[in-house]
Amino acid sequence: MEIWSAWSTEKNSKIAVSDAYFQLQKHKNKEPQIIFLYCSATYDSVEILKELNTLAPHSAIHGGTSCLGVMTENGFHSNNGLGLGMLGLYDPGGHYGVGYAEITDNARLASTQAISAALEQCECPGQVPAMVWMTAAPGAEEDVIQGIQDVVGTNTPITGGSSADNTVSGDWKQFSNNRVLDNAVVITVMFPSSNAMFAFHSGYEPTEKSGIVTEAEGRIVKKIDHKPAAEVYNEWSDNNISDYLEHGGNILSITSLHPLGRQVGAVSEVPYYQLAHPDKVTQDGGLSLFSSIEEGEKLVFMSGTKNSLVNRAGRVASSSLAAHSTPADQVSGALVVYCAGCMLTVQDRMEDVVSGLKEALNNKPFLGLFTFGEQGCFVGGENRHGNLMISVLTFTK
Amino acid sequence: MTESERHLEALIDLERARVLERELRLESETLLSGLNTLSKSESPQQMFSELIKVLSSVFKFEDAFILVKADNNYMSVVASSNEHFFNHEWLPGKLFQRVIAGEPIAIFNVLHVKEWQSLPELLLSDTRSALHVPLSNQNQSAMLVCIHSEAHYFGPKQVKIARRFAPLISQAYLNIELKRSVTERDRLFTMSLDMMGIISFDGKFKQLNSAWEKTLGYTTAELYKTQLITFVVPQDRRKLFSVFRNLDKGSINDDFEICCFTKNNEIKCLLCSIGICNIEKLCYVVARDITTQKVIQKKLAYEADHDTLTGLANRKFILNKISTVIQRSLENKNSRFAVLFLDLDRFKIVNDSLGHLLGDELLIEISARIRKVIFSKNTVARLGGDEFLILLENIQELNEAVEIAELVQNELKLPIKLNGFNIVCTTSIGITSSFLDYQNPVDILRDADIAMYLAKAQGGASYSVFDSKMHTKAVSQLKLETDLRSGLSKNELQIFYQPIFNLENKDIEGFEALLRWNHKEKGLLSAQQFIPIAEKSDLISILGQWTIEKVCHDIFNWQQQTKLKETFYVSVNLSAKQLWQKDLLEQVKNIVNAHNLSPSFLKFEITENMIIDNSRNAISILQRIKDYGINLYIDDFGTGYSSLSYLHRFPFDVLKIDRSFVSRMELDQSSLDLVRTINLLAKSLGLEVIAEGIETQKQLDLLVDMNCRYGQGFLFSSPIAAKEIITLLKNSSKNEGLPNIVAL
């Protein structure tokens, strides 16, 4: 298998995509089996996809919008919020199928339809993929994961990210072959001819502060330990959100270093957490998260630093190799899902993030996208949706 | 992140890596160790069971089977932990083709997969997940399929294990296949009824199956100690040496037959096939016991050339032999031969009287006696029935054949005791030889046969040497026979009627029907000129029937034209063949009824010789004829060998004194006395007498004097044609005296 990345920050959508595609073709003068395409929501996605379909009519295309741009082994590509990147997989011995379904009122069902379509597209119905890659509109990612697992079971790792825009205004898009969608789930089933490895981590450490969700609804924690959740969070964060307690409001940017974590499992008695990023204080003192929450769950106040967020990406990439006992020189490429919130927090140090990834991936091509939710497979085999996480999918030669 | 936190993370990663490595190592060790034990399994089925056990220690499944692609492109199960899978054939689609190409594939739900959808419900209901592991090699497309009743059971982890260990599992499968083929080969080797083995070029057994023991009687241990050549019969040893020599020189294989001694000194014939082994100076040998086959072949060959009853050569053999000696004699004038054709005299009578079983015994005994006097270099054959042929080779003169004929005659003149009977069965012998320069066997047989018939005509128990005059005569007779057949269909035959008179009142009492033939070249021929020829074939029966039909027809016509006396009759001469014809009476009845006649109009004349040899049966037949209403004449009395004394046993009504006696009456007293005696005796037996051949008045007077009542002859009338009879009858009835009819 060969993997090549390409990027562009050209303003013109058509030029940006063709520019990037020709970069791919420089390395390999034939169409890849599949192209992963991510770009800022400020591009004309329809134009981009139309052009790419013209340039690579036989390649499957999976992608979506990414916050402010993308990163590759060549750097962080964002020019006034414009950035486009693609990763081409040249794997004639492998099978890749892309399917989609619009999320109407049943994300789980849509997800089953999308993955079934993906399996049909690559003529592998009934077969267990080595890996599933997803791009979904934010809001129902847990249901999407359930839907995937309804079809292929829980043994297949799921990795991906929720599509994002530059301003959290709902402009996000998802790309499936020749379709641009705004509220859909796009799934790629992968049967690579080589190995695919994964890791799903956060850059945060747990603190001793924790509480039980005593009242919750969907993605809103209403009460922790029977107390208004916002108040409890404020207490844990040394009054970091005091200004929003009375009237509510957007707290996304000030809670990036202190998400709430739920323990998913433990390795050698060291727990690992699925994170939820508080983004709003509600009128009634609750906290809105970017992931679903259940009553009875134990929430842990997590703590991170810019450094940990910067260094974490490389660590996660290394971890994906280490966990599968694969030396770095076997890497052929990677897809990296980096939380947009983390990216915004460490934006001025994104080049350090890129360096860390480069080093971990042995300077092999990768494409990083900045998402409003991350999906991945924990070391214990649990497929989860989280926030402020880093998910890495690595391919060997 | 603090330094300690980094270290902790690194330790965690390291620990995870170690765990993973440990898992991998454990899997590898388990699998490797398990796969190694497969080679110790005794049978392919056991190996498969071991393989399943080994794999299930690494990942769980409920059942497994191996699919192999057959020549018809379908895949079928060759090993399975669930017998129900054996009966199903799978048509490979894209999934199976990918697996065959080397890609392990897990299925989360077999219901979605085309290859599985054709599975019978019984199997499909219990299967949801499947893991396909490629086992293909350059010779075969195969896969191992592990299944589970839960959906989503197998995942990427199991696929990775399968990918990692597919080569080992393939190897294990190859071992299973090898074991299977070795097991089958071994079983074939052991079970084979043919002898199989490996021997060295010096003939020592290296490996052999039990068939050697069963065939040769030696134990396996004894066979291993001894060279093959030891068992081979001396005359075949050179052949075996030659085979091994050729193999040593580079020949690849050879087929040959040898005979071997068994432990109890029987001889077995073996058909052997020998071929070079891949290992130097060793060869494969397969041998089949064909002793029985050889015996049968020999027997068949013998039976093809020999008469099964007597063991003598048969017709085919001797004709071939004669062809050979003819050829030899044509090439070498000094190479002379003779052929003796033997036909037993009156064998049919003996056969019919004593029955066929005794008849066969008689033939066997006769054959033995003939063989006794013939040198082994010569050939005796039974042609069939009671005919034999003797071929004498390398004779110097014809007299040698004559001597042999006499020796045979002498042997057969001695009585043969059978079932309490002393039977004498002589033979008529016809002799011919290469002195007559024959070109082909058919001519020899023909001429010997002609000569034999001449001997037979002389009364039997004699021989006759063929000469060219006989041939001429035979040809002439053959022509006559042919002409007679033709003449019959062309109305050349006629019946003439010789009146039989009452010697006292000169009334015509009746007529004797006499057959004449108006030959287109030879003119009118009397019965004596052609009846003997007809008697040699079926013609005599045809003529006999024709005669009776013609006579009845003529009587009918006469009846229409004049009133016939109640005692009017026509006598017809029966031949021996007619008399012994099974349906004679039936035939006669049909003819008489067809003409609406009374059987009393007919009389049958029978000669002595017809009834001498089989009197008992003859009496029965004659009685039946008489009971029907046809009176019987004994004709030409005095010329046969019957004695007057037993005449009374037969139901004759009239005795006809032969013309030879009548004609001599006036020449000497003894002849006259003889006729007188016959006349008296006949009368004393209640028989009427008709004197034949009365030609002179003196003869008539003498006969009248002795009170002989009836007679016929040229004195009264020669035989006259049917159309003239009516005039005669009319005149006779008017008592106008005998017409003056010129004898024809």
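Strand β7 (residues 195-200) and strand β8 (residues 205-208) of chain B run antiparallel and are joined by three bridges; two strands count as paired if DSSP finds at least two bridges between them. One place to look is B:Ile199, whose bridge partner in β8(B) is B:Phe205.

A word on what you are viewing: this is a predicted model, in which local features need pLDDT of at least 70 and side-chain atom pairs count only at pLDDT 80 or more, while totals for chains, interfaces and linings use all residues. Residues are numbered from 1 along each chain as its sequence is written, chains are lettered from A and ligands numbered from 1 in the order in which they are written, and side-chain values use heavy atoms, leaving out hydrogens and water.

Now turn to where the chains meet. Chain A brings 38 residues to the contact and chain B brings 30, contact meaning heavy atoms within 4.5 Å. About 2600 Å² is buried between them, 52% of it from carbon and sulfur atoms; buried area is the accessible area (1.4 Å probe) that two parts lose on being put together, summed over both. In chain A, the residues losing the most area to chain B are A:Gly126, A:Gln127 and A:Val128, together 19% of what that side buries.

The rule finds one salt bridge across this interface. The side chains of A:Glu123 and B:Lys94 meet in a salt bridge at 3.0 Å, N to O, where the cut-off is a side-chain nitrogen of Lys or Arg within 4 Å of a carboxyl oxygen of Asp or Glu. The elements giving two or more residues to the side of chain A that touches chain B are α4 (141-152), β13 (196-202) and α6 (306-322) of chain A. The largest share of that side, six residues, comes from α6(A).

Six strands of chain A form an open sheet of mixed pairing, in the order β5-β4-β24-β23-β27-β13. Its edge strands are β5 (75-77) and β13 of chain A, each pairing on one side only. Strand β4 (residues 70-72) of chain A runs antiparallel to β5(A), joined by three bridges, and A:Val70 stands opposite A:His77 in β5(A). α6(A) packs on the sheet, touching β13, β23 (331-339) and β27 (389-396) of chain A, and its direction makes about 145° with that of β13(A); axes are lines fitted to C-alpha atoms, for helices over the stretch in contact, with angles running from 0 to 180 degrees between N-to-C directions.

Notes:
Helix = DSSP H or I, 4+ residues; strand = E, 2+ residues; numbered from the N terminus.
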